Amino acid sequence: MSEPTGKSRIRQAIEFISSLISLSYSIKVFPVKWQSIRTKLEELLSSLSAIENCDSTKSFPPLCNSLQAITVTLKNCHELSGHCVEYSYSGKLLMQSDLDIVSRKLDNHIKGISEIYSLGLLTQSYAIIVPRPSLGATRDDVKFYIRDLLSRLKIGSLEMKKQALIALNEVIQEDDTRYVKVAIEIDGFVARLVNFLDLQEGNLQEEASKALSVIAGFQSFRGGLINAGIIAPLIRVLECGNCLSKEYAATCLMKVTENSDNAWSVSAHGGVTVLLKICEEVEGNSLVGSVCGVLKNLVGVEEIKRFMIEERVVGVFIKLVRSKDEVTQISSIDFLQTMASGDESTRQMIMKEGGIRALARVLDPKSSSSSKSREMALRGIVRLCFSSVNSVNILLIHGFMDHILYFLRHGDGSLQELALKAAFWLCGTSDEAKKLMGDGGFMPELVKLLDSKSFEVREMAAETLSSMVIVPRNQKRFVQNDQNVGLLMQMLDPQLENFGNKKLLLSILMSLTSCNSARKKIANSGYLINIEKLAEAEVSDAKKIVRKLSSNRFRNILNGIWHS
C-alpha cells in the first residue's frame, strides 16, 4: 500500500479489506471475536466503497490521515489472522486481548469516516454508488449491496441518505422477501431505519416509514422491529409527520399490533389518544382506514377498550359512519362491530348514541353510499340488533324494511344476498315483523328468488317464506297471487332432483293448507300430481298434504249431502 495520494490508496485499502474478510472465514479459533471483526471490516469496506465514488478533493487532508491509520490496523489484523490460522500464538488470553484492541480500532476508523462525512467534505458523484444486484445475483452480492446502503445511511450526507433509502425501497418493492431477509440479518440496519423516523428533513422520515411498513408485513420480522423500539417513533410520526409518512406509520403499526402483546406498548406511549385524535380531526382520508385497523387490534385488550370508551370513542366512530368516504365508512362500521362483539353494554351504548340510525342511513338507497359500504352496514345492523326488540323497532322507524326490500328487488350479487339474510333475520324477530313484511310486499320477491341460480339464495328464500306463511294473514295474502301456489307446486316435480329444497317447499304448502282459499288452489292446480307422486314415494310432508286435501274433500261431500 505505497501509493502516496489519490483514490488508488482507497482502492488498495478496499482490496486489502476484501482479502482479510476472505481469510477470516478460514479461521477456526475465537469464532465470536472474528465474527465481530469481520462485521466491522465489512462495514468499513462499504464506507470506503462509498468514498471511492465521491468527489473527495477537499477531504484528502483528513482522509489521508485516516487511510494511514486504517492501513496500520489492517496490517496488524492480517498478522493476527495469520497467527490464528497457523495456531502460532503464545497464549489465548494475550491473543483475545490483541483481537479486542483491533476490534476497537476498527470502531474508531468507522467513526472517523463518519465524522469526515459530517463535515460535508465528501459530495456524491452518483445516485447509486454500488450497482443494484441483478435478478440472478448471489446472496453475497445482495448482502454487500445492503451493507453499502447501511454505510451511506450512517455516514452519508443528507442527500446521500435519502438516495440510499430510495434505493432500498426500490429493491424491496421488486423482491421484498430476499432483500428484507438480508437487511434484517445485518446488525444495526433496522435500528438505523427506526432512527430515521424522527428525522423530517429531506423526506428521510417518509422513506424510512415506507421501508419499515414493508418489513412489518413479515410476521417473523416483527419481533426485530419491536426490539429496535419502533412503537414510540411510529406514534411520533402519527403526531407530526407528513401525510404519506403518517399513512406508512399507521400501516406499520397496524401490522405489529396484530400481536396483542404489542398493544400495551402502544397504550404506554400514548398511542391510543393520538389515534383517536386523528379519527376526530381527519375525515375522508385513507389514513383513517389504517388507524381504524390499529384501533381494532387494540380493542381486543379489555382495559384499552374501556379507556377508549371513556374517551368517547363510540360517538367519534358513529360520526365517521356518516362520512361520505367509502374507506372511512367501511372501517368505522367494522370497528364498531368489533367493539360490540360479545359486549352487551357497548352494544347498548352504540344504539343509544345513534349507531343504528347512522347505519340505516348508509343503507338508504337514496344515499350516496357505495355498495361495499351498504354491505358492511347490513352486516353491522344484523350483528348489533340481533337480540334486541327495541333495536328492531328503531330500525323499522328509520325505514330498514323498505331498504332491504329495495335491495331484494334491485340489488346485485352479494348485496341482494345480504338483504335476503337481513329479511330472514327480521322475519325471525317476531310475528309482528312477519305481518309487516307480508303487508310490505316481501313474499312476491321471495318467490322470485326460489328460482335463483344460487342454491344458498333459494334455500334462504324458502326458509324465510316458510317462516312468514305461518302467520294466517300472510297465507291469505300469498294466495292472492294466482301464480304463487302454482310455482311452488311446479318446483316439486320429482324429476327436478337438484332444484331447491323440497322439504321447505312442502313446509310452505303445509302451512297454506290451513287457509281455505289456499287449499282450493292447491287442489285445483295442474301440478297437484307432483305432490301425489312424492306421497307415493313415501315423502312424509307430501302424504300429510294429500291426506289433508282428501279429508277436506270428503267433508265437502258430506256437507253437500246434509244440505241437499
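Trainee: What covers the buried residues of helix H26?
Mentor: The cover includes helix H23 (400–410), helix H24 (414–427), helix H25 (431–440), helix H27 (455–468), helix H28 (472–479) and helix H29 (482–490). Contact here means heavy atoms within 4.5 Å. Helices are DSSP runs of H or I with at least four residues, strands are E runs of at least two, and both are numbered from the N terminus.

Trainee: What should I know about the model?
Mentor: It is a predicted model: local features need pLDDT of at least 70, side-chain atom pairs count only at pLDDT 80 or more, and totals for chains, interfaces and linings use all residues. Residues are numbered from 1 along each chain as its sequence is written, and side-chain values use heavy atoms, leaving out hydrogens and water.

Trainee: What makes helix H26 (residues 442–449) mostly covered?
Mentor: Six of its eight residues are buried. Buried means under 20% relative accessible area, exposed means over 50%, and partly exposed lies in between (1.4 Å probe, protein chains only). The buried residues of H26 are Phe-442, Met-443, Glu-445, Leu-446, Val-447 and Leu-449.

Trainee: Why does Ser-24 count as buried?
Mentor: Its relative accessibility is 2%. Ser-24 is found in helix H1 (residues 7–24). Beyond neighbours within four places in sequence, Ser-24 is in contact with Trp-34 and Arg-38.

Trainee: How do you know that the side chain of Ser-24 has a polar atom by the backbone oxygen of Ile-21?
Mentor: The two atoms lie 2.6 Å apart. A polar contact is a pair of N or O atoms within 3.5 Å; within protein, one must be able to donate a hydrogen and the other to accept it, and residues adjacent in sequence count only if both atoms are side-chain atoms. The distance is within that limit.

Trainee: Is Leu-549 buried or exposed, and how do you know?
Mentor: Leu-549 is buried, because its relative accessible area is 6%. Its place is in helix H33 (residues 540–563). Not counting residues up to four places away in sequence, Leu-549 touches Arg-519, Ile-522, Ala-523 and Leu-528.

Trainee: What makes Met-510 partly exposed?
Mentor: Its relative accessible area is 25%. Met-510 sits in helix H30 (residues 502–512). Apart from residues up to four places away, Met-510 touches Asp-541, Lys-544, Ile-545 and Lys-548.

Trainee: Why is Arg-312 called exposed?
Mentor: Its relative accessibility is 60%, so it passes the exposed cut-off. Arg-312 lies in the loop between helix H16 (302–310) and helix H17 (313–321).

Trainee: What about the phi of Arg-312?
Mentor: It is positive, about 65°, although Arg-312 is not a glycine. Most residues other than glycine have a negative phi. Phe-30 also is not a glycine, and its phi is positive at about 50°. Phe-30 is in the loop between H1 and H2.

Trainee: What lines the largest pocket?
Mentor: The lining is Ser-18, Ile-21, Ser-22, Tyr-25, Glu-42, Leu-45, Arg-139, Asp-140, Asp-141, Lys-143, Phe-144 and Arg-147. On a 1 Å grid over the protein atoms alone, a pocket is an open set of points with protein on both sides within 12 Å along at least five of seven lines; lining residues have an atom within 4 Å of a point. H5 gives the most, with six residues.

Trainee: What is in the protein chain by way of helices and strands?
Mentor: It has 33 helices and two strands. The radius of gyration is 37 Å, well over the 24 Å that the globule rule gives for 564 residues, so the chain is more spread out than a compact globule. That radius is taken over C-alpha atoms, and the rule is 2.2 Å times the number of residues to the power 0.38. Along the principal axes, the C-alpha atoms fill a box of roughly 135 × 50 × 40 Å.

Terms used:
On a 1 Å grid over the protein atoms alone, a cavity is a set of points where a 1.4 Å probe fits but cannot get out, and a pocket is an open set with protein on both sides within 12 Å along at least five of seven lines; lining residues have an atom within 4 Å of a point.
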